[in-house]
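I set out to record, entry by entry, what I looked up in this structure. The entries follow the order in which I consulted the model.

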Amino acid sequence: MAAFFYLWFCLKQKANIVSVKNRRANSAHHMAKKNTWSQIVQPEKSKSENFHSLASSVERASTVVFPNVKSLRNRNWRDKSQYTYGLLGTPTTRRLERKLALIEGGEHCILLPSGLAAISLTLLALLKTGDRLLLPSNAYEPANEVARFMAKSYGIELAFYDPLQPDKIVMTENTRLLWVETPGSVTMEVADLRALATLAHQQGVLVAIDATWAAGIALPVFDLGADISIQALTKYQSGGSDVMMGSIVMRDSAINLRLLECHVRLGMGVSPEDCNLILRSLPHYKLRYQAQDIAARKIAEWLGQHPAISQLLHPAFEGCPGHEVWQRDFAGAASLFSVIFQPTISQQQVDACIDALELFRIGYSWGGAVSLVVPYEMNQLRDRRLYKGNLVRFYIGLEDPQDLIDDLSQALEHIKE
């Protein structure tokens with residue numbers, strides 16, 4: 001009897017296999033009869049098993065299809081192992097998120113269309129009417145403007161603090177978020193993240209840092225106490241001056257869910273094509289960062305000794321506010337720094353000098369291969385310590401450092417004319 005049932009079982013299994021093969025063959029035959037464009041529209045049902053490449057594929061989608069109704073009804077946007085709609089991610093975007101979290105020592109990552117979008121989403125997700133935000137006086141100007149907009153439109157209480165004087169920060173019962181930017185935008189003050197985070201956490205206040213300058217390479221923001229790290233991937237991670245994207249990285253799952261829910265509600269998706277461009281640049285962006293750091297220090301040292309310059313604002317050099325903190329906490333420096341011209345040199349002379357530069361291009365942002373320069377009018381900068389003289393910010397790209405020094409030398413001659 002046992003032998004009979006075993007024979008019956010084997011025949012049944014064979015019949016099932018044949019049936020599946022027949023259905024597949026019939027399906028393929030059926031599709032072959034369809035109109036050419038019906039076949040073009042339908043996605044391929046199998047992937048090649050004999051093609052292996054070092055390059056990752058780019059998975060694009062607006063619509064994501066489900067294998068059955070049950071999986072459709074059980075979809076959960078909180079579960080990043082699921083795919084529900086292109087706006088909420090594809091394997092390509094997830095791949096980039098994992099790598100960025102790994103680089104920064106985080107557990108979770110959210111991608112956004114720009115660095116400013118990452119800043120805005122963080123503020124919108126974590127603050128409500130009546131909550132107090134502490135913003136450093138040297139913050140990135142668009143971040144400053146977003147905070148002021150929220151204060152005016154949504155009743156967020158906004159207060160500014162001096163990042164170099166953490167002992168003077170006033171924490172109130174309604175303070176919910178301490179924002180840090182180190183070094184500060186344009187004037188490069190280096191804040192003591194560890195001291196600021198300790199102060200904030202004693203009061204149960206979250207700490208978010210704009211860590212774009214350190215690029216996930218030069219500063220261990222989570223080890224120093226940050227809860228949230230914001231970066232503009234437009235910079236070194238892209239490296240090509242052709243991609244707009246931002247990221248938010250964190251370790252805490254509860255914070256991640258708060259930010260992720262806001263992200264879903266606002267529909268701030270990113271293009272898998274753009275993600276792929278950044279994925280292509282990630283393997284060598286640390287090498288670029290380090291090489292450009294070396295070049296920038298050489299050029300900054302030369303500029304700091306030029307008689308037209310009254311002060312060098314580069315965190316790796318003495319004389320830059322917070323230099324001692326940089327020495328203690330940082331493992332490197334971005335190739336972005338500023339200089340202050342002598343007070344006797346007019347804005348018109350500075351502008352003429354910049355216009356005379358041949359290798360440096362005039363433009364905002366940084367992180368790409370081409371060196372950049374931007375002049376700032378001191379009376380238009382946000383509330384901070386006043387400098388006597390005109391400020392110019394330099395970004396050092398991948399050109400030969402001596403060529404850049406020669407270019408600066410000839411341009412500075414225009415000041416004498």
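**Entry 1: the loop with proline 183.** I located proline 183 in the loop between strand S4 (175-181) and helix H7 (193-202); helices (H or I, at least four residues) and strands (E, at least two) are DSSP runs, numbered from the N terminus. I note that the model is predicted, that local features need pLDDT of at least 70 and side-chain atom pairs pLDDT 80 or more, while totals for chains, interfaces and linings use all residues. Residues are numbered from 1 along each chain as its sequence is written, and side-chain values use heavy atoms, with hydrogens and water left out.

I examined the peptide bond from threonine 182 to proline 183 and found it cis, with omega near -5°. In the loop between S4 and H7 I also found valine 186, whose phi is positive, about 75°, although valine 186 is not a glycine. Methionine 188 lies in the loop between S4 and H7 as well, and its phi is near 65°, a positive value in a residue other than glycine. I recorded these values because most residues other than glycine have a negative phi, and most peptide bonds are trans.

**Entry 2: arginine 328.** I found arginine 328 in helix H10 (residues 323-329). At 47% relative accessibility, arginine 328 counts as partly exposed. Which residues does arginine 328 contact, leaving aside its neighbours within four places in sequence? I listed Asp192 and Arg194, where contact means heavy atoms within 4.5 Å. Arginine 328 and aspartate 192 are 136 residues apart along the chain, and their C-alpha atoms are separated by 9.7 Å.

**Entry 3: glutamine 237.** I placed glutamine 237 in the loop between strand S6 (228-232) and strand S7 (246-250). Glutamine 237 counts as buried because its relative accessibility is 2%. Its side chain makes a polar contact of 2.7 Å with the side chain of glutamine 231. A polar contact is a pair of N or O atoms within 3.5 Å; within protein, one must be able to donate a hydrogen and the other to accept it, and residues adjacent in sequence count only if both atoms are side-chain atoms. Leaving aside neighbours within four places in sequence, I found glutamine 237 in contact with residues including Leu100, Ala215, Ile278, Tyr285 and Arg288.

**Entry 4: the open sheet.** I traced 5 strands in an open sheet, in the order S8-S9-S12-S11-S10, with mixed pairing; two strands pair if DSSP finds at least two bridges between them. At the edges I found strand S8 (309-313) and strand S10 (361-362), each pairing on one side only. Helix H9 (residues 272-304) packs on the sheet and touches S8, S9 and S12; the direction of H9 makes about 5° with that of S9.

Strand S9 (residues 336-341) runs antiparallel to strand S12 (residues 391-395), joined by 5 bridges. Across this pairing I found serine 338 opposite arginine 393 in S12, and leucine 336 opposite tyrosine 395 in S12. S8 and S9 pair in the antiparallel sense over 4 bridges; here isoleucine 309 has phenylalanine 341 in S9 as its bridge partner.

Why do I describe S9 as largely enclosed by the rest of the structure? I do so because 6 of the 6 residues of S9 are buried. Both faces are covered, with Leu336, Ser338 and Ile340 buried on one side and Phe337, Val339 and Phe341 buried on the other.

**Entry 5: H9 and H12.** I found H9 and helix H12 (residues 401-412) packed at an angle of about 25°, with their axes 10 Å apart. Axes are lines fitted to C-alpha atoms, for helices over the stretch in contact, and angles run from 0 to 180 degrees between N-to-C directions. That angle makes H9 roughly parallel to H12, since angles under 35 degrees count as roughly parallel, over 145 as roughly antiparallel, 65 to 115 as roughly perpendicular and the rest as oblique. Among the residues making the contact are Ala295, Ile299 and Trp302 of H9 and Pro401, Leu404 and Leu408 of H12.

Definitions and conventions. Buried means under 20% relative accessible area, exposed over 50%, partly exposed in between (1.4 Å probe, protein chains only).
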